[in-house]
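Have a look at the picture, then go through the points in order.

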Amino acid sequence: MATMSIGEVLAALRQEFADVTISKIRFLEAEGLVEPQRTASGYRKFAAEDVERLRYVLRAQRDRYLPLRVIKEHLDAIDRGLEPPEDQSGAPRAPRPAPDAGGFPGPETFRRDGAGLRLARSELCEAAGIEESALREIEGYGLVAPATADGFFDGDALLIARTVGELARFGVEPRHLRPFKTAADREAGLVEQVTRPLLRQRSPEAQARAEEATRELGALSVRLHALLVKAALHRG
């Protein structure tokens, strides 16, 4: 990955921010707003993402007069997959995932996303449109759980919580949904059983095939489940 020295970053930023200085860049680093890599001899090496991060900070100061504390909160929101607010309140907006496309989900739906959302409890409740008490109940029945050791939830938890909230409008409570969790665990276990021989090989090629098979099997299991539910409803 190409990197830039602090002098090169300064030259790039001065095209838009004429008054920026090396001291200013070092100050923003000291405040934790950017974290460039360091060489063995201590020289800073900025990635393209670091430069864009600095541009965001400088624009927020120049155009919106935001204090560094608020800008840092915005950057934290961006790092967790949220959109920063348009106003100056400093409160990250709740995420709004794009609506699903028509038809059944494909294999790409089951791809691991290392840059996914990280939501605090209050953010999850706001985004899913549920109360804290409902989240506790959903957790109690094992339908969602924090994805990280520090208690953040991921995008899957958001969609699950939102769906459970929508079911609640029809009088379907979390306690009624335990069979869904049991069925999902069994389907995931079947997928793992099929892909386990590939995972045991440890080679990069085998790992890639295992990941591809996992995505395809996940999509097929969801399709079969949906079709079986549809058939059962039509029989009724």
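1. Starting at the N terminus, the elements of the protein chain follow the order α-α-β-β-α-α-α-α-α-α-α. That gives nine helices and two strands; these are DSSP runs numbered from the N terminus, with helices being H or I of at least four residues and strands E of at least two.

2. A word on the ground rules: this is a predicted model, where local features need pLDDT of at least 70, side-chain atom pairs count only at pLDDT 80 or more, and totals for chains, interfaces and linings use all residues. Residues are numbered from 1 along each chain as its sequence is written, and side-chain values use heavy atoms, with hydrogens and water left out.

3. Of the 236 residues in the protein chain, 28% are buried (buried is under 20% relative accessible area, exposed over 50%, partly exposed in between, with a 1.4 Å probe and protein chains only). Take contacts (heavy atoms within 4.5 Å) between residues at least 6 apart in sequence: 53% of them join residues at least 24 apart.

4. Helix 7 covers residues 155-168, and its 14 residues reach 20 Å from first C-alpha to last, close to the 20 Å expected at 1.5 Å a residue (the expected span is 1.5 Å times one less than the number of residues).

5. Which residues of helix 7 are buried? They are Ala-157, Leu-158, Ala-161, Arg-162 and Val-164. They sit on the same side of helix 7 because they cover an arc of only 160° around the axis, taken from the directions from the helix axis to the C-beta atoms. Their packing partners are helix 5 (121-128) and helix 6 (132-140).

6. Now Glu-29, in helix 2 (residues 22-30). Is Glu-29 buried or exposed? Glu-29 is buried, at 16% relative accessible area. Leaving out residues up to four places away in sequence, Glu-29 touches Val-34, Pro-36, Arg-38 and Arg-44.

7. Lys-45 belongs to strand 2 (residues 44-45) and counts as partly exposed, at 30% relative accessibility. Lys-45 and Val-9 are 36 residues apart in sequence, yet their C-alpha atoms are 9.4 Å apart in space.
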